[in-house]
Amino acid sequence: MRKIFCGLLLVPTLVWAGPTEELLGHLQSLKTLSGQFDQTILDASGTHLQEAHGNFQVARGNRFYWHTQDPFEQIAVSNGSKVWVYDVDLEQVVERPLSADLSKTPALLFGGQPDAVGKAFRIAEKDHDGQTVTYRLTPKGDDPLFEQLDVTFQGNQPQSMRLKDALGQQTVIDFPQAKVNGKLDDSLFDFQPPEGADVIQQQSP
């Protein structure tokens with residue numbers, strides 16, 4: 001929301017950025033993001049269904065490395081054009097083109113182009129407590145993976161994401177002590193299937 005304050009006399013107009021401009025400003029300042037993540041899946045009543053933990057690295061250019069370590073080890077990697085999902089226990093790799101649809105690939109929120117976020121979502125401010133701000137993103141497109149996404153920043157540092165689907169199930173991802181704009185090894189995003197793993201190639205839907 002833009003707020004304009006005018007006095008009785010002619011004075012310069014003061015304009016505050018709305019939630020869309022604020023969020024895109026945070027995302028524009030992110031070149032890389034890395035650290036640990038804690039993920040919790042809740043049903044519509046708030047009951048815990050599953051927890052997962054691991055580490056991640058995200059870089060501008062739609063690149064990410066997402067390593068879930070427990071309860072089941074899985075690695076998801078994007079080089080900006082392809083995605084590989086490696087199930088370690090099954091020794092199986094699924095390879096497919098990366099979807100540019102942000103409503104189906106929420107990991108691209110931090111690694112994609114900020115302008116694309118503004119085009120893909122309606123953005124509102126949900127909560128504001130000092131330096132901590134939560135923005136609510138609602139997909140504009142048809143048949144999204146989730147109905148709404150809440151992303152919380154403390155200053156310019158992402159703190160958490162909360163996704164809610166059409167059935168009310170929620171996925172909460174916390175980023176404790178995430179590192180912003182640290183140097184990452186580009187080889188992380190060029191996945192090579194392990195020897196002996198089955199590789200399944202999928203086409204875009």
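Before anything else, I noted how elements are named: helices (H or I, at least four residues) and strands (E, at least two) are DSSP runs, numbered from the N terminus. I am working with a predicted model, where local features need pLDDT of at least 70, side-chain atom pairs count only at pLDDT 80 or more, and totals for chains, interfaces and linings use all residues. Residues are numbered from 1 along each chain as its sequence is written, and side-chain values use heavy atoms, with hydrogens and water left out.

**Entry: Ser 34**

I found Ser 34 in strand S3, which spans residues 32-42. Is Ser 34 buried or exposed? Its relative accessible area is 12%, so I put it down as buried (under 20% relative accessible area; exposed is over 50%, partly exposed in between; 1.4 Å probe, protein chains only). Next I listed its contacts (heavy atoms within 4.5 Å). Leaving out residues up to four places away in sequence, Ser 34 touches Phe 56, Gln 57, Ala 178, Lys 179 and Leu 184.

**Entry: helix H1**

I then turned to H1, residues 19-28, where the buried residues are Pro 19, Leu 23, Leu 24, His 26 and Leu 27. Why do they sit on the same side of H1? They cover an arc of only 155° around the axis, and that places them on the same side (the arc is that of the directions from the helix axis to the C-beta atoms). I also checked what these buried residues pack against: helices H2 (108-111) and H3 (114-120), plus strands S9 (121-129), S10 (132-139) and S11 (148-154).

**Entry: salt bridges**

How many salt bridges are there in the whole structure? My search returned 4, counting a side-chain nitrogen of Lys or Arg within 4 Å of a carboxyl oxygen of Asp or Glu. I wrote up three of these pairs, as follows.

- Asp 186 and Arg 63 meet at 3.2 Å, N to O. Asp 186 is in the loop between strands S14 (179-180) and S15 (198-201) and Arg 63 in strand S5 (residues 63-70), so the pair ties together parts 123 residues apart in sequence. Arg 63 is partly exposed, at 23%.
- Glu 95 pairs with Lys 82, their closest N and O atoms being 3.4 Å apart. Glu 95 lies in strand S8 (residues 92-97) and Lys 82 in strand S7 (residues 82-87), so this pair ties together parts 13 residues apart in sequence. I marked Glu 95 as buried at 14% and Lys 82 as partly exposed at 37%.
- Asp 127 and Lys 126 meet at 3.1 Å, N to O. Asp 127 is partly exposed at 38%, and Lys 126 is partly exposed at 38%.
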